[in-house]
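Dear colleague,

Please find below the structure that I am handing over to you, together with its sequence. My notes on what was found in it follow directly after.

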Amino acid sequence: MSKGKVWKYGDDVNTDVIYAGKYTYQQMKPEEMASHALEDLDPEFAKDVRPGDVIVAGKNFGCGSSREQAAACLRAAGVQAVVAKSFARIYFRNAINLGLPVLQSKEASENLKSGDDVEIDFAGGKIISGEKVFKFPPLPDSVIGILEAGGLLEWTKKKLERAK
Amino acid sequence: MGQTFSEKALGRKAGKRVRAGDVITVAPDFYLSHDNSSAIIGEFRKLGLKKVVAPEKIVIVLDHIVPAADEKYAQNHKTIREFVAEQGIPNFFDIDAGVCHQVFSEASFALPGKVIMGSDSHTTTYGAFGAFSAGIGRTEMASLWATDEIWLRVPETLRIEFSGRLSPGVYAKDVILKIIGDNGADRANYEAVEFVGPAAGDFSLASRMVLANMAAEMGAKNGYFEADDKTLEWLRARAKADYEIVMSDPDATYEAVLKYDISTIEPQIACPHAVDNVKPVTAVEGKPFHQALIGTCTNGRFEDLAIAAKILKGKKIHPRVRALILPASREVYLEALKKGLIEIFVEARCVIVNPGCGPCLGAHEGILAPGEVVVGTSNRNFKGRMGGRDSEIYLASPATVAASALEGKITDPRKYL
């Protein structure tokens, strides 16, 4: 289990503030993408985020565009998971496909605050912060295979090999 | 137990009876991508395949940054053109065509009962024609090109029943803004939204596209209208493939039913910085602004431009306002030109922008400086979307935007009718 700090945000954090449209059609390296993460929501984030940190937000995280970099830039920034009350549909798919864990927990969303120390027990389905423990529901079976393969591309590669 | 449209449309593809909540694997009928095709090509190459499985299902429309605004964008377009030629992809639309959702519909890939995946969040638009269409990401699109398969969760359905008739000065945009404002930007997350009831059929296809397009702004996986005589009339001259109309059963199970008497709705406006921050236009009347935008995949069709032209005819845009007209496609542009709308706009001091996504996503052609305010007909008003972080975006109908552009401040369009 890796440890990190909480970055806390509100409801409806949209893909434009996670990763601006003006960068979407430029091919960038992961570290460059990370430098623009959450630029229009919290300019401090990209400067101070550390590997293992966790974003905690309210409902409908990732609403808006289908741009995949909104998940990729957070993974590139070292974010180990996003915890939210709920996720927008396309964001949820993109995050899984790129290997960024997205965890639903209303309790964690309501009780954690910025700067809290946090660790995540993926196998046990637990988010731990000091004395507080929050459970998250297991991901659907359909997506576990994709996460285990290391993302959709790897999963598809394996599928193509099997078909040969 | 009856089935919803989405259960039926996905069940036909899965080759079995399915219910909301089931996870199935399907081979869609068409898949759409745009400028992001160059990134998809990059992912596809990583899979080590030489050829896409089904080139005839791929539809690519260059629209996001057209013509290319700089060298990087130009390279993206070049990469895509070369890939199209290499793979023999028959359905490629270059920078002259327009916004992908309009072009895809005009070229009649949006057909009743079809299952369509697009790597763009407003792929929901084709529900206006009775199709099942949903947005996906780039990696998923690369995987589709490689396998012609995708996993989908069969969505629950939110049914929205319309009755009554729209009052003068009120349009489809006001209706969908009202619904999103009342119910929130995540009300239909993961769900299908069916627009039904006696008044649903009164909406023109262009208006249905406004509602289905913006279903994405309530989190919907797909939007849906039943195909009717208007749909068949549109398809008569255009449809190049066979299709079958699919409709919900009368005893289908819905997550919820919302009822709207549309005659009670007045002009609406979404205020910064969320699409569900909706107020009656009268509540923010008088707010000064800098740029007006009429067009986009939400409201850039002929009927939208005609409404704006009627208000602008013989008048001048307020001197402090820059007014951009962004037709959704070349076909729309040409019709507007032939019928004299473009002349009215130019006389009124509007700038005509070439069909495409333009400034809507903040990449080019009308970016906002810090502190500036835009009133537009597009579909998103997220912070910084169209430029500076401190800029503000208001969303409204073409009538509200046109009336506001004349006065230089947000204006109720009903005084111009």
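A residue is called buried here if 20 or more other C-beta atoms lie within 10 Å of its own, exposed if 12 or fewer do, and partly exposed in between. Please bear in mind throughout that this is a predicted model.

Just after α11(B) comes B:G314, which takes a positive phi of about 75°.

Two packed helices are described by the angle between their axes and the distance between the axes. For α11 (residues 302-312) and α14 (residues 398-407) of chain B, the angle is about 30° and the axes are 8 Å apart. Angles under 35 degrees count as roughly parallel, and α11(B) and α14(B) are therefore roughly parallel to each other. Their crossing is right-handed. On the α11(B) side the contact involves B:D304, B:I307, B:A308, B:I311 and B:L312, which meet B:P398, B:A399, B:A402, B:A403 and B:L406 of α14(B). Sorted by class, this contact has nine nonpolar residues, no polar residues and one charged residue.

**A helix pair in chain A**

The axes of α5 (residues 69-76) and α6 (residues 89-98) of chain A come within 8 Å and cross at roughly 45°. The two helices, α5(A) and α6(A), are therefore oblique to each other. α5(A) passes α6(A) in a right-handed crossing. From α5(A), the residues that make the contact are A:A70, A:A71, A:A72 and A:R75, while α6(A) contributes A:Y91, A:N94, A:A95 and A:L98. By class, there are six nonpolar residues, one polar residue and one charged residue in this contact.

**Where the two chains meet**

How many residues does the contact take from chain A and from chain B? It takes 34 residues from chain A and 41 residues from chain B. On the side of chain A that touches chain B, α1 (15-18), α2 (21-24), α6 and α9 each supply at least two residues. That side of chain A has 11 nonpolar, 13 polar and 10 charged residues.

Helix α2 (residues 37-46) of chain B is mostly covered, with seven of its 10 residues buried. These are B:S37, B:S38, B:A39, B:I40, B:I41, B:E43 and B:F44. Their cover includes α9 (152-163) of chain A, together with β2 (30-33), β3 (58-61), α3 (71-87) and α5 (138-147) of chain B. After α2(B) comes B:G48, whose phi is positive, near 80°.

**Backbone features in loops**

Most residues other than glycine have a negative phi, and most peptide bonds are trans. The following cases may therefore be of interest when you inspect the model.

- A:N60 has a positive phi of about 60° although it is not a glycine. A:N60 lies in the loop between β2 (54-57) and α5 of chain A, and A:N60 is buried, with 27 other C-beta atoms within 10 Å.
- B:E365 likewise has a positive phi of about 60° and is not a glycine. B:E365 is placed in the loop between β16 (350-352) and β17 (373-376) of chain B. With 19 C-beta neighbours inside 10 Å, B:E365 counts as partly exposed.
- The peptide bond from B:V66 to B:P67 is cis, with omega near -15°. B:P67 is found in the loop between β3 and α3 of chain B.
- The peptide bond from B:P272 to B:H273 is also cis, with omega near -10°. B:H273 lies in the loop between β12 (268-270) and β13 (278-280) of chain B.

**A buried loop residue**

Is B:A128 buried or exposed? B:A128 counts as buried, because 30 C-beta neighbours lie inside 10 Å. This residue sits in the loop between β5 (115-118) and β6 (132-135) of chain B. Leaving aside residues up to four places away in sequence, B:A128 touches B:L205, B:R208, B:M209, B:A212 and B:F225.

With kind regards

Notes
Residues are numbered from 1 along each chain as its sequence is written. Chains are lettered from A and ligands numbered from 1 in the order in which they are written. This is a predicted model: local features need pLDDT of at least 70, side-chain atom pairs count only at pLDDT 80 or more; totals for chains, interfaces and linings use all residues. Axes are lines fitted to C-alpha atoms, for helices over the stretch in contact, and angles run from 0 to 180 degrees between N-to-C directions. Helices (H or I, at least four residues) and strands (E, at least two) are DSSP runs, numbered from the N terminus. Angles under 35 degrees count as roughly parallel, over 145 as roughly antiparallel, 65 to 115 as roughly perpendicular and the rest as oblique. A crossing is left-handed if the near helix is turned anticlockwise from the far one by less than a right angle, and right-handed if clockwise. Two residues are in contact if their C-beta atoms, placed from the backbone, lie within 7 Å. Ala, Val, Leu, Ile, Met, Phe, Trp, Tyr, Cys and Pro count as nonpolar, Asp, Glu, Lys and Arg as charged, and the others, Gly among them, as polar.
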